[in-house]
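Subject: Handing over the structure

Dear colleague,

I am passing on the structure we spoke about, with its sequence, so that you can follow it on screen while you read my notes. Please open it first and then come back to the text.

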Amino acid sequence: MNPTRNPFGIGPKVSLFTLGTMRAIKSVEQMSLIVEEACFAGINHIETAPAYGPAEVFLGEALKKLQAKGVQPQGNWVITSKILPGIQFSKGKRQIKGILSRLGISKIDNLAIHGLNLSDHLAWALDGEGNELLEWAKAENLIGQVGFSSHGSSELIKAAIDSGRFTFCSLHLHLLDQERIPLAKRALDA
């Protein structure tokens with residue numbers, strides 16, 4: 001199978017669908033089965049976060065098991081993890097190192113600010129300790145690209161996109177509430 005891969009910011013190309021791990025928190029065995037099936041379905045992009053309880057630990061163990069079995073997508077896995085906005089620089093360093101350790105990887109392809117919902121969050125990422133943290137992680141080659149997810153106002157999301165700080169974003173779009181569709185188009189054009 002030669003699955004289609006699409007651009008994802010400036011990082012590696014990803015499958016049309018992403019495997020989110022927020023609910024796969026029962027066991028390593030469950031995570032292994034889910035990730036293996038995702039691979040067989042052509043998925044190469046996995047999204048996780050420390051805020052998802054044991055998901056990162058289970059995912060790291062599942063990836064080791066699957067690698068030992070020779071199960072991996074064409075071009076390898078593309079991993080996105082997230083950090084919460086507003087954390088102090090020292091705590092953020094520990095959190096990024098913890099993500100890498102739990103996943104058993106040396107670099108996070110995509111690091112997202114998880115819930116860039118307030119103007120304080122954006123200020124943290126652009127000019128505060130978040131900016132310092134992101135620059136440190138890039139300089140240490142621990143992360144590829146930086147993005148964000150948001151449930152914030154349209155104005156805040158527009159400001160984040162226009163800042164030039166982020167190369168991808170995850171927006172929740174709904175067919176019945178199309179207010180954010182122009183923001184999605186703006187992000188694709190950025």
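This is a predicted model: local features need pLDDT of at least 70, side-chain atom pairs count only at pLDDT 80 or more; totals for chains, interfaces and linings use all residues.

As a reminder, strands of a sheet pair through backbone hydrogen bonds, either parallel or antiparallel.

Next, how do helix 2 and helix 3 cross? The axes of helix 2 (residues 55-69) and helix 3 (residues 89-103) come within 7 Å and cross at roughly 40°, which makes helix 2 oblique to helix 3. On the side of helix 2 the contact is made by Glu56, Val57, Leu59 and Gly60, while helix 3 contributes Ile99, Arg102 and Leu103. Sorted by class, this contact has four nonpolar, one polar and two charged residues.

Rolling a probe the size of a water molecule over the atoms shows where empty space is left. The largest pocket has a volume of about 1100 Å³ and is lined by 38 residues, with Phe8, Phe168, Cys169, Ser170 and Leu171 lying nearest its centre. Several elements each supply at least two residues of this lining, among them strand 1 (6-8), strand 5 (78-83), strand 7 (143-150) and strand 8 (168-171), but the largest share, five residues, comes from helix 7. By class, the lining of the largest pocket has 19 nonpolar, 16 polar and three charged residues.

The second largest pocket has a volume of about 280 Å³, and of the 14 residues that line it, Leu63, Gln67, Asn76, Trp77 and Ile105 lie nearest its centre. Which helix gives the most to the lining of the second largest pocket? That is helix 2, with four residues, so you will meet again the helix whose axis crosses that of helix 3. The lining of the second largest pocket divides into six nonpolar, five polar and three charged residues.

With best wishes

Notes. Residues are numbered from 1 along each chain as its sequence is written. Side-chain values use heavy atoms; hydrogens and water are left out. Axes are lines fitted to C-alpha atoms, for helices over the stretch in contact, and angles run from 0 to 180 degrees between N-to-C directions. Angles under 35 degrees count as roughly parallel, over 145 as roughly antiparallel, 65 to 115 as roughly perpendicular and the rest as oblique. Contact means heavy atoms within 4.5 Å. Ala, Val, Leu, Ile, Met, Phe, Trp, Tyr, Cys and Pro count as nonpolar, Asp, Glu, Lys and Arg as charged, and the others, Gly among them, as polar. On a 1 Å grid over the protein atoms alone, a cavity is a set of points where a 1.4 Å probe fits but cannot get out, and a pocket is an open set with protein on both sides within 12 Å along at least five of seven lines; lining residues have an atom within 4 Å of a point. Grid points are joined across faces, edges and corners, and a volume is the space filled by probe spheres set on the points.
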